[in-house]
Amino acid sequence: MKYAHIALFIIYLVIMIPIYSASVFASLSNVYAKGSNGINGYVKSEDYIDFKVTAVIDGDSDINDSQVKLSPTMIGFTCNPGLTGFDCTLRYPSSGTTSFSQTTPYTIKLYKDDESEEATATGELTADTLSPAVTSFTVSPQTTGTGTVSLDITINDYASVSGDTTKCSGIKKVEIVRSDGGVADTKTIDNSSCIVNIIAAYTTTKSSGSETICARAYDRVNQNSTLVCDDFNIDRLGPAIMSNSFKIIDSNGNDVSYIGTEPIGVTVSVNITEAELNTGSVKANLSGLNTDVLPTYNNMQGTCSYLGSNVTECSWPITLRLDSSGAKKVTVNASDMAGNYNVVALSKLCWFKQHIYS
Ligand SMILES: [Ca+2]
Ligand SMILES: [Ca+2]
């Protein structure tokens with residue numbers, strides 16, 4: 001079997017060699033057709049074409065202008081000796097520009113001195129008449145504590161059929177644009193892909209409030225997309241836990257600063273000023289308000305309700321049990337949606353008096 005394979009292979013070579021020799025006798029290679037933007041295969045709607053091809057005919061040391069022609073106009077190329085053959089060029093139209101639409105095939109023909117046709121090269125030229133589109137633009141996180149956000153941008157480019165991403169000149173660059181129109185950053189893409197996704201970082205100069213940031217894409221024939229924008233918030237400050245609002249009240253709503261030996265049910269509360277409070281993060285260490293060692297009092301989740309004007313009241317229903325007078329301490333910690341964190345120690349002067357019953 002092994003020898004049979006080798007024998008077949010040798011027969012195959014003997015058959016192929018003459019055909020191969022004939023095919024290199026004359027050739028057109030390195031075929032390019034570029035518009036003014038230099039993208040092979042693509043022109044603008046109003047443009048010229050620079051054709052370029054390398055022509056070789058074995059035994060012909062001088063391929064002249066009448067031997068390489070653009071079909072069917074039969075305009076001759078200008079040929080000069082190059083490294084691998086004759087480099088032939090043609091600009092069409094010879095001056096100015098002409099209109100293009102959709103996709104047009106072209107054929108270049110190579111002739112011998114006796115005017116017999118020796119080789120042809122074909123290609124197609126597509127007019128990129130449509131701007132690219134930013135099809136998706138997402139800023140994350142929606143609220144930043146550092147000032148830096150991540151921009152997830154998807155761009156599609158089209159040639160002459162909107163929505164068709166099989167043909168396009170390609171995406172040249174994406175600009176990150178501020179709401180005042182200033183370009184904050186430019187990401188160079190410059191490849192032939194018609195669908196591109198990039199992740200870009202953007203850092204705001206603002207310390208608070210909100211900002212609008214946008215993206216604009218350019219295709220490789222320099223048509224630009226419309227701006228697509230998204231908003232995000234900047235929050236570099238942690239929640240402000242207002243020590244002057246710290247209260248301990250009894251079930252009648254009265255302030256508690258005096259207690260005897262009997263424990264009583266109270267509500268501890270504090271106001272927190274923060275535009276985007278993470279209410280689930282508000283926790284207190286209330287162990288200073290109960291002399292029983294109750295582990296749940298070490299880290300107790302608050303119940304929070306929004307009062308308005310960025311102020312939220314958070315409260316804890318507990319049992320107050322003291323055995324001495326003095327400043328009773330509570331610590332409260334809270335985070336906002338941007339992850340900024342704050343912790344404060346609060347204290348309230350309470351008086352303890354043993355009941356004297358006889
Ligand atoms: Ca385009
Ligand atoms: Ca904040």
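1. Two strands count as paired when DSSP finds at least two bridges between them. That applies to this predicted model in the case of strand 25 and strand 26 (residues 311–320), which are antiparallel and share 5 bridges. One pairing to look at: Gly-308 has Val-311 of strand 26 as its bridge partner.

2. Now the hairpin of strand 15 and strand 16. Strand 15 (residues 171–178) and strand 16 (residues 183–191) are antiparallel and joined by 6 bridges. Ile-171 sits opposite Asn-191 of strand 16. There are 4 residues between the strands, and Gly-181 has a positive phi near 90 degrees.

3. The largest nonpolar core has 31 residues. Phe-51, Val-53, Ala-55, Val-68, Cys-79, Cys-88 and Leu-110 have the most contacts inside this core. Strands that each supply at least two of its residues include strand 1 (26–34), strand 8 (86–92) and strand 10 (103–111). Strand 4 gives the largest share, 5 residues. Domain 1 (2–127) and domain 2 (133–235) each contribute at least three residues to this core.

4. What is Cys-88 in contact with, leaving aside its neighbours within four places in sequence? The partners are Val-53, Ala-55, Val-68, Phe-77, Thr-78 and Cys-79.

5. Another core lies apart from the largest one. This core has 23 residues, including Val-270, Leu-277, Leu-286 and Leu-322.

Methods: Residues are numbered from 1 along each chain as its sequence is written. Chains are lettered from A and ligands numbered from 1 in the order in which they are written. This is a predicted model: local features need pLDDT of at least 70, side-chain atom pairs count only at pLDDT 80 or more; totals for chains, interfaces and linings use all residues. A nonpolar core is a set of buried Ala, Val, Leu, Ile, Met, Phe, Trp, Tyr and Cys residues joined through C-beta atoms within 7 Å. A residue is buried if 20 or more other C-beta atoms lie within 10 Å of its own, exposed if 12 or fewer, and partly exposed in between; C-beta atoms are placed from the backbone. Domain bounds come from an automatic or database domain assignment. Two residues are in contact if their C-beta atoms, placed from the backbone, lie within 7 Å.
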